[in-house]
Amino acid sequence: MIVRLRALAALLTAAVLLSACGGGGSVPAADGPPAAGGGAFPVTVQHSLGSTVIPAEPQRVVSLGYTDQDTILALGVVPVAIREFTGNRPAATWPWASDRLQGQQPQVLTGEISTEAIAALRPDLIVAVSAGLTQEQYDTYSRIAPTITQPPGADAYQTAWQDATHLIGSALGKTDEADRLVTDLEARFASVRAQYPQFAGRPAAVAAASSNGNGHYFVWTSDDNRGRFLTSLGFTVPARFDELADGDFYADISGEQFGLLDQNELVAWITIPGASNPGIAQQPGAAALRVAQEGRVVELTEEQGVALSFSSVLSLPALLDELPAEFAARLGG
């Protein structure tokens, strides 16, 4: 569990945490929103920990999930408070989303967040899609304000950006806007796949040195948003990494297993803020990797790595502007 939280502390790797209660609900269809709503209130949102009724358009939204602020901001709402994820940026907001703050400065929530601190914000909606709440925590927050978690059947740290966008859009009464955001971004991915057909079916993975500093490495699975970024471009993530993850969102491989990266034709390498010696060239055995020798490791900047870990409707477009061309160049076409 400690390893999982550290990987989350970077969903960069990743770090994880009223008028609602009740049972779960069915798993939403992949191509539709998991909740009712379209601008008219009250709205009922089905999520993994309950069925939440939002009686009126939210005016004071708390972004409690680690990466939920991007979607909230993309839908034109500025939260009164945002949870710090990584990087300690002003208002806990990275450059791809900062222009959506509309000149406001939301309170930044750091460390262990008390229910008293949340209650003092007087929220009328708590968005905890990527917060990893337990049922007990959800019940507690729901006594403060309507609270939503990840979609039914989804893991808090593996929720597809499409599903997160639809669900948050429903809670804000902005389903039409959410639909447009998803449709437009999916069209961009389709355009990139058409532009770079050489990506189709080629094995690739996102990897990093472990934030634990124990000589281990993280390789994200096909069910994680980092892996989904690659598969959305046409690549495949080798099944071996999904097997090693054993149901988690990343595989933790030892230094002796570092050679498994050679199962890929491309490796996207990210650095975890705070990790010592994070670059691939600093890793023992890196020089022996065929994929490194052939120049097919793309080291992302810190900002690109965080954007990939957010994998939101605001962070992904910036990556689509930059990474596909570099991937193609490293693959020789």
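Buried residues, those under 20% relative accessible area with a 1.4 Å probe and protein chains only, make up 54% of the 333 residues in the protein chain. The chain is a predicted model, in which local features need pLDDT of at least 70, side-chain atom pairs count only at pLDDT 80 or more, and totals for chains, interfaces and linings use all residues. Residues are numbered from 1 along each chain as its sequence is written, and side-chain values use heavy atoms, with hydrogens and water left out. The protein chain exposes about 12800 Å² (Shrake-Rupley method, 1.4 Å probe). Carbon and sulfur atoms supply 48% of that area. The chain holds twelve helices and 13 strands. These are DSSP runs numbered from the N terminus: H or I of at least four residues for helices, E of at least two for strands.

Two packed helices are described by the angle between their axes and the distance between the axes. Axes are lines fitted to C-alpha atoms, for helices over the stretch in contact, and angles run from 0 to 180 degrees between N-to-C directions. Helix α6 spans residues 161–171 and helix α7 residues 175–195. Their axes come within 7 Å and cross at roughly 165°. The two helices are therefore roughly antiparallel (over 145 degrees). The crossing is right-handed, with the near helix turned clockwise from the far one by less than a right angle. Contacts (heavy atoms within 4.5 Å) involve Trp 161, Gln 162, Thr 165, His 166, Gly 169 and Ser 170 in α6. On α7 they involve Thr 175, Ala 178, Asp 179, Leu 181, Val 182, Leu 185, Glu 186 and Phe 189. By class, this contact has six nonpolar, six polar and two charged residues. Ala, Val, Leu, Ile, Met, Phe, Trp, Tyr, Cys and Pro count as nonpolar, Asp, Glu, Lys and Arg as charged, and the others, Gly among them, as polar.

Helix α11 (residues 302–310) packs on helix α12 (residues 315–331) at an angle of about 130°, with the axes 8 Å apart. The crossing of α11 with α12 is left-handed. Gln 304, Ala 307, Leu 308 and Phe 310 of α11 meet Ser 315, Leu 319, Glu 322 and Leu 323 of α12. Five nonpolar, two polar and one charged residues form this contact.

Pro 197 lies in the loop between α7 and β9. Pro 197 counts as exposed (over 50%), at 55% relative accessibility. Its C-alpha is 9.8 Å from that of Ala 328, 131 residues apart in sequence.

Conventions
Parallel < 35°, antiparallel > 145°, perpendicular 65-115°, else oblique.
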